[in-house]
Amino acid sequence: MTAASFRDLPAVHLLLAHERAADWMASHGRERVVAAIQQAVDDARDKLRAGLAPQLTQDALLDEAERRLHEAVRPHFQPVINATGTVLHTNLGRAPLAAEAVAAIVRTAKGYSNLEFDLKTGQRGLRHDHVEPLICRLTGAEAALVVNNNAAAVFLTLTELARGKRVAISRGELVEIGGSFRVSEVMRQSGATLVEVGTTNKTHEADYEAALEDGADMVLRVHTSNFRIVGFTSRPSLEALAELAHRYGALLVEDLGS
């Protein structure tokens, strides 16, 4: 590494004045082009500090800037081939949409729509109104709300129904699911107080009853995602928990998972 090597680095403003950079600005804008060129120069400078010998010509640096520019504008979502053997693969977007669904999305997204507009009243509507009747019809629920994932659903449920209250949950269900969502942390963020019952492998109806007798306001049953305990295990049925919670005037919430 020598001082002369650093002096050989072309200045950013000279690279920006090159006709190649002018062409990029016409299609990608000045800000993005400036960032790509600065990154190329910084990378060359870092290599010099490390004792390496990067190409310091204008063309070499512009080539590197062009590579970075193409990388920056490339769409994040890329088509892939699912060869994992898992048809509904969470990391690969789960289920591909049917052709009819894709066509409906494209048809609607190409123009304006009644996303949050009530066509009958001419007033502002709610985007949830489009899907809530469908969920209610499918499940028999009185009301429904669609959110991003199960962790969000559990968080909103606990925040609305159990803030400042005690929630009983089996120790075997205090799991961490994909995306680093921990049940204990979700509960803490919601303002609810965690009441652990049972053991890791066995939780009995009597364990929940003891918590309810001690003042628990809700029983929460959590889907354990990809985590499984096999062998010497036990947990009450949902029907048994429902009867128990109702007997004590407590709420019962089940995270059904995916």
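Me: What does S5 touch in this predicted model, leaving aside residues up to four places away in sequence?
Reply: S5 touches L48 and L56. Contact here means heavy atoms within 4.5 Å. S5 itself lies in helix α1, residues 3-7.

Me: Why is S5 called buried?
Reply: Its relative accessible area is 18%. Buried means under 20%, so S5 counts as buried.

Me: What makes R94 partly exposed?
Reply: R94 has a relative accessibility of 33%. Buried means under 20% and exposed over 50%, with partly exposed in between, so R94 falls in the middle class. R94 sits in the loop between α5 and α6 (99-109).

Me: Why is the phi of R94 worth a remark?
Reply: Phi of R94 is near 55 degrees, which is positive, and the residue is not glycine. Most residues other than glycine have a negative phi.

Me: How do you know that α3 is roughly parallel to α5?
Reply: Their axes cross at roughly 10 degrees and come within 11 Å. Angles under 35 degrees count as roughly parallel, so α3 and α5 get that label. On the α3 side the contact is made by R20, W24 and H28. On the α5 side it is made by D59, L62, D63, A65, E66, L69 and V73.

Me: Which residues of the largest nonpolar core touch the most other members?
Reply: They are L9, L15, W24, V33, I37 and A65, out of 18 residues in that core. Two or more residues each come from α2 (12-16), α3 (19-28), α4 (30-49) and α5 (58-73). The most come from α4, which gives eight.

Me: What does A65 touch, not counting residues up to four places away in sequence?
Reply: A65 touches W24, A36, I37 and A40. A second, separate core has 14 residues, among them A162, V167, A192 and L220. In soluble globular proteins, nonpolar side chains tend to be buried together.

Me: How do you know that the charged end of K202 sits over the ring of F232?
Reply: The charged end of K202 is 3.6 Å from the centre of the F232 ring. The distance limit is 6 Å, and the charge must also be within 35 degrees of the ring normal. The K202 distance is inside the limit, and the pair is listed as a charge over a ring.

Me: How many aromatic pairs does a search of the whole structure find?
Reply: The search finds zero. A pair would need ring centres within 6.5 Å.

Note on methods:
Residues numbered from 1 in each chain as written. Predicted model: local features only at pLDDT ≥ 70, side-chain atom pairs only at ≥ 80, totals over all residues. Heavy atoms only, no water. Phe/Tyr/Trp six-rings, centres within 6.5 Å; stacked < 30°, edge-to-face > 60°. Core = buried A, V, L, I, M, F, W, Y, C linked by side-chain atoms within 4.5 Å. Buried < 20%, exposed > 50% of the residue type's maximum accessible area, 1.4 Å probe, protein only. Helix = DSSP H or I, 4+ residues; strand = E, 2+ residues; numbered from the N terminus. Axes fitted to C-alpha atoms, helices over the stretch in contact; angles between N-to-C directions. Parallel < 35°, antiparallel > 145°, perpendicular 65-115°, else oblique.
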